[in-house]
Amino acid sequence: MSEAEELLSTPAEWDLTPERHRHFKDVLMQQIDHDSAVTPRRSRFLRPAVLVPLASAALTGALLVTLSVDGVGPATGPAPSATAAGASVTLHRIATAAMASDTVRVRDDQFVYVRTLVRENTGSFTGPVRLGALHTEERWTSQDPGPLRVTGWIRASGKDAIMPDQMIPVESPDPRPAGVDHPTYRWLASLPTDPDALLARLRKEARPVEGESRDQAVFSLIGDLIGGTIMPPANAAAFYQAAAKLPGVREIPDAVDAAGRHGIAITLDDTGFATRDEWIFDKETLALLGSRFYLTDPDRGITTETLAGTSAVMETAVVGGKGEVPARAAAR
C-alpha cells in the first residue's frame, strides 16, 4: 500500500472537516490514478479550505504545550470568558448588522468567488499539530441549480498550499442539486427567515460525524454557509439568530484571524466532541472576518486544546466564470 493510500485509510479521519478531508482525498486519488475524486459533503467555513489533519472542515496558532512554531513559544486555546447570554446579545447585534447590509443578487449562470488566507496543519494524521505557512485559497462556487457533479473549483497558492496554482474541481460521485451540499444564492434565499423555522430545518439537514452532537453539527453547518457564500441579508440575519438559540454558544471578547485582525469570536462548547470552531467578527462593523479551529486528541499527545487551523476571509464577490477574479483581487 502506498503512502497516499495509507493516508486515505487512516482512522484519524474524524479530525478533518468533511470538506477538507474529501478535498485532500481528491488530491491523493489524483496522484494515485488520476481518476475523478469524491467531493466534499459540505464546506465547513471555519475550515473553509483548511487542510488540517483536521481540514473538511475549515476553515480556520496555538500548539501543544511541548511544541513551538516559527520560533514562537507554545500557546493554547482561549479560556472561557463570556456567558451564553452575552453570545446571544452579540449574535443578535450581528444579525442586525447583516440585515442592514447591501443586497447582492447572484444569477444562476454566475459563480460566487471567495478568497481566504489560511494556515493549516502540515503535521501527520497521527502526530502533533504543526501549522504551515500562511497562504491563499480561492474558491469558485457554481450557482447553477443543477444537479451537478462539479459544483465548484479551488485554487491555492503560496508555501504549504496543496497542488499550488492548479484549478481543482469540487466533485461528487453523483450529481447534486442546489442544497446543503451545493448552496446556491437561490437555494439560500428559499430558506425560512424565521429563526425557529430555520433552526428546525438545519437540524434536519445537519449530519453529525462520529462523536459530534447535532447542535455542534448545526453550528458547523451555519459556519459553512455564512463563510463561503453570498445570500440575501434577511437570510444571513436568520442564520445568526438561529445560532443564538443553540445551547452552549458563547462569546470570546478577543480573537485573531489568520490575517492578524482582532475581533469578537462566537463558539459553541460541546464537551463530548474533541474539536471546537470559532467565528470571528469585526468589533465595530460586526462583519465576518474569519475563523479558528481547535483540537484535542490525547491519542496523539494533544492533551491541551490546540489551534489546528485559522482562516481570514479577504474577499467575497460575484464573477462570471471559474478562474475569473474581481478587479480588486487581480490588482493585488
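The model is predicted, with pLDDT of at least 70 needed for local features and 80 or more for side-chain atom pairs, while totals for chains, interfaces and linings use all residues. Residues are numbered from 1 along each chain as its sequence is written, and side-chain values use heavy atoms, leaving out hydrogens and water.

**Pocket**

- The largest pocket holds about 770 Å³ of space, a volume being the space filled by probe spheres set on grid points that are joined across faces, edges and corners.
- A pocket is an open set of points, on a 1 Å grid over the protein atoms alone, where a 1.4 Å probe fits, with protein on both sides within 12 Å along at least five of seven lines; lining residues have an atom within 4 Å of a point.
- Among the 27 lining residues, Ser101, Ile226, Thr229, Ala287 and Leu288 are the closest to the centre of the largest pocket.

**Sheet**

- Nine strands make an open, antiparallel sheet in the order S4-S3-S2-S1-S9-S8-S7-S6-S5, where two strands pair if DSSP finds at least two bridges between them.
- Its edge strands, S4 (168-176) and S5 (249-256), each pair on one side only.
- Strands S1 (residues 111-120) and S2 (residues 135-142) pair in the antiparallel sense over eight bridges, and tyrosine 113 has tryptophan 140 in S2 as its bridge partner.

Methods
Helices (H or I, at least four residues) and strands (E, at least two) are DSSP runs, numbered from the N terminus.
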